[in-house]
Amino acid sequence: MEPKTPHYQLAGRTVVLTGSTDDLGEALARALRDLGARLALLDPDGQAAFEQATRLGSEATARAWQADVRDLGSLTAAFDAAASHFGRVDVAIANASIDSFAPLELIEPALYERMIDVNLNGVWRTFRAALPHVGKQHGYLLATSSMAGNVHSPVQIPYGASKAAVWAMCNTLRLEVRRLGVDVGSVHPALFTPPKTDKPRSDIADDACWTSGAMTHRRTTPLDAVVQSIITGIAGRAPRIVAPRDTAPPAKPELVRPYVGRNDRPDNSLPPVIDSGDLTNGAAYEPDSSAAACP
């Protein structure tokens, strides 16, 4: 077994990234490229991923494959092709996810099931396809969870549940694959402020969730700070990455959950919004970073 080092050099390593064209994926791909990593970019929108790869450099640096995390076959083929093209796969980042706002009694069942399939089952499929290759390199598996997986918000049942389950999946898988010299991590970003987060924050349901009453204590953070924390975590092969690091206290459910329950929505304004039906039900934000949610 290859011994671990305090700093996992990314230069020359191959990183496979799903959900590569969303806000977080785009910024993370650039940062990894700047550190000398070679990038296999996977996205259901093959044309968008191809254009992204072209922006990042030559095919020796970045190459795109169309792959859907709802389809294990497409992921397996993409990982096999990436390993063949670059000669190895060292790191796999399961970043693809979607979000929507709707309460239990209004969300379309098909949307609920789709969100669970993308956000949770998609991570399992990504890791399943990645492990034969990452295992050979004693590499690192990373999944994007969310602060929403730690501190749970209204009108986000499938999102919060899927992100909490991703965290549990990573903690379980870590115990299974350490015999292979493989490390597993989950990343828990705070809400960040790229342009795409403006779309969900513009509707009435999200306004009720975020910008009025006691919820205003939940601040946003620059995307660059989130990415830097993730890069630092990858370099340390961390089991859990809170991004940025100064949001670590809110990432502890046992500390924050009682506060949220006592203090959020003291004006009781959320139930009328739910009852109105004026929510983004049936419209998933896609592609959407897993951080674009109530953390």
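A: Start with D117. Its side chain makes a polar contact with the side chain of R125, at 2.7 Å. A polar contact is a pair of N or O atoms within 3.5 Å; within protein, one must be able to donate a hydrogen and the other to accept it, and residues adjacent in sequence count only if both atoms are side-chain atoms. This is a predicted model, in which local features need pLDDT of at least 70 and side-chain atom pairs count only at pLDDT 80 or more, while totals for chains, interfaces and linings use all residues. Residues are numbered from 1 along each chain as its sequence is written, and side-chain values use heavy atoms, with hydrogens and water left out.

D117 sits in helix α4. Helices (H or I, at least four residues) and strands (E, at least two) are DSSP runs, numbered from the N terminus. D117 counts as buried because its relative accessibility is 18%. The cut-offs are under 20% relative accessible area for buried, over 50% for exposed, and partly exposed in between (1.4 Å probe, protein chains only). Setting aside neighbours within four places in sequence, D117 is in contact with R70, G122 and R125. Contact here means heavy atoms within 4.5 Å.

Follow R70 next. R70 forms a salt bridge with D68, the closest N and O atoms being 3.1 Å apart. A salt bridge needs a side-chain nitrogen of Lys or Arg within 4 Å of a carboxyl oxygen of Asp or Glu. R70 has a relative accessible area of 38%, so R70 is partly exposed.

By this rule the count comes to 8 salt bridges. One of them joins the side chains of R13 and D90, at 3.6 Å from N to O. R13 lies in the segment before β1 (14–18) and D90 in the loop between α3 and β4, so the pair ties together parts that are 77 residues apart in sequence. Both R13 and D90 are buried. For D90, the relative accessibility is 0%. D90 also meets R88 in a salt bridge, at 2.7 Å from N to O. R88 is partly exposed, with a relative accessible area of 28%. Shared partners join R13, R88 and D90 into one salt-bridge network.

Now the nonpolar interior. A nonpolar core is a set of buried Ala, Val, Leu, Ile, Met, Phe, Trp, Tyr and Cys residues joined through side-chain atoms within 4.5 Å. The largest such core has 40 residues, of which L42, F79, F127 and L141 touch the most other members. At least two residues each come from β2 (38–43), α3 (72–86), β4 (91–94), α4 (109–136), β5 (140–144) and α5. Helix α4 gives the most to this core, with 10 residues. Apart from this core lies another, of 33 residues, among them V15, A62, I93 and L223. Not counting residues up to four places away in sequence, L42 touches V16, L17, T18, G19, S20, W65, A67, L75, A78 and F79.

What about the surface? L104, Y112 and I157 make a nonpolar patch of about 300 Å². Patches take residues with over 30% relative accessible area and no salt bridge; like charges are joined within 9 Å, nonpolar side chains (Val, Leu, Ile, Met, Phe, Trp, Tyr) within 5 Å. Accessible areas come from the Shrake-Rupley method with a 1.4 Å probe; for residues, only the protein chains shown count as cover. I157 lies in helix α5 (residues 157–177). I157 is partly exposed, at 42% relative accessible area.

Two backbone angles deserve a check. Phi of H138 is near 50°, a positive value in a residue other than glycine. H138 is in the loop between α4 and β5, and H138 counts as partly exposed at 22% relative accessibility. R237 has a phi near 50° too, again positive and not in a glycine. R237 is in the loop between α7 (223–235) and β7. At 8% relative accessibility, R237 counts as buried.

Strand β7 (residues 240–243) holds R240. R240 is partly exposed, with a relative accessible area of 29%. The C-alpha atoms of R240 and C170 are separated by 9.1 Å, though these residues are 70 apart along the chain.

Last, the whole chain. The secondary structure comes to 9 helices and 7 strands. Of the 295 residues, 56% are buried. Among contacts between residues at least 6 apart in sequence, 75% join residues at least 24 apart. The chain exposes about 12200 Å², and carbon and sulfur atoms supply 55% of that area.
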